[in-house]
Amino acid sequence: MNHLPEDMENTLTGSQSSHASLRDVHSINPTQLMARIESYEGREKKGISDVRRTFCLFVTFDLLFVTLLWIIELNVNGGIENTLEKEVMQYDYYSSYFDIFLLAVFRFKVLILAYAVCKLRHWWAIALTTAVTSAFLLAKVILSKLFSQGAFGYVLPIISFILAWIETWFLDFKVLPQEAEEENRLLIVQDASERAALIPAGFSDGQFYSPPESEAGSEEEAEEKQDSEKPLLEL
């Protein structure tokens with residue numbers, strides 16, 4: 001009789017734990033999961049992701065910044081009209097900055113077309129623009145006479161080179177990994193919603209009702225009462 005309360009306590013504890021686990025399973029709300037799926041799909045439908053939009057803005061900044069530096073260079077070296085005619089109409093690879101501006105236009109067109117219009121999820125386009133930019137600038141710095149033309153002979157090639165590699169780093173380490181992570185989250189949420197749809201929603205607390213625990217001494221009292229009543233019934 002001493003082990004009876006412990007056994008009953010273990011039984012009640014097991015029933016309560018199973019009841020709690022079923023409640024946890026039932027607490028999965030498919031409606032919330034579907035809302036999250038719709039939010040992810042809404043992001044896809046509305047256009048490009050936030051991090052990709054930031055990348056496109058930086059590519060635009062690259063073009064505008066190089067263009068601004070080139071216009072300043074034109075104005076410094078004798079006026080915009082005269083210098084523009086000299087660098088564009090009478091283009092000379094060894095002394096003109098016009099090709100560095102065209103290089104920035106090339107990067108802008110390729111990257112915007114690939115990652116904003118076509119929504120490419122691969123690094124080959126940024127690898128192409130960075131390789132072309134690096135090779136062209138290295139050749140121009142080695143072969144041209146830009147260093148003899150003042151500060152812009154240093155500034156424009158260096159700025160263009162740095163911006164191209166920052167774009168490569170940003171796409172490879174920020175844009176593509178974050179978008180891949182968002183895709184994985186969407187797949188996980190979809191899988192969880194499919195599993196939640198298989199769980200029956202008809203469980204109620206009454207189906208798992210456990211009777212209240214009875215006191216150990218109540219059974220002994222009932223037996224003693226029955227024993228005392230037996231002689232009276234025999235009489």
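This is a predicted model: local features need pLDDT of at least 70, side-chain atom pairs count only at pLDDT 80 or more; totals for chains, interfaces and linings use all residues.
With regard to secondary structure, the chain contains 8 helices and 0 strands, so that the order of elements, read from the N terminus on, is α-α-α-α-α-α-α-α. When contacts in the chain between residues at least 6 apart in sequence are considered, 78% are found to join residues at least 24 apart.

Helix α3, which spans residues 50-76, packs with helix α5, which spans residues 98-117, at an angle of about 165 degrees, and the axes of the two helices lie 9 Å apart. Because angles over 145 degrees count as roughly antiparallel, α3 and α5 are therefore assigned a roughly antiparallel arrangement. The crossing in which α3 passes α5 is left-handed.

On the side of α3, the contact is made by R52, F55, C56, V59, T60, D62, L63, V66, T67 and W70, while α5 contributes F98, I100, F101, A104, V105, R107, F108, L111, I112, Y115 and A116. Classified by residue type, the contact of α3 with α5 comprises 16 nonpolar, 2 polar and 3 charged residues.

Terms used. Residues are numbered from 1 along each chain as its sequence is written. Side-chain values use heavy atoms; hydrogens and water are left out. Axes are lines fitted to C-alpha atoms, for helices over the stretch in contact, and angles run from 0 to 180 degrees between N-to-C directions. Helices (H or I, at least four residues) and strands (E, at least two) are DSSP runs, numbered from the N terminus. Angles under 35 degrees count as roughly parallel, over 145 as roughly antiparallel, 65 to 115 as roughly perpendicular and the rest as oblique. A crossing is left-handed if the near helix is turned anticlockwise from the far one by less than a right angle, and right-handed if clockwise. Contact means heavy atoms within 4.5 Å. Ala, Val, Leu, Ile, Met, Phe, Trp, Tyr, Cys and Pro count as nonpolar, Asp, Glu, Lys and Arg as charged, and the others, Gly among them, as polar.
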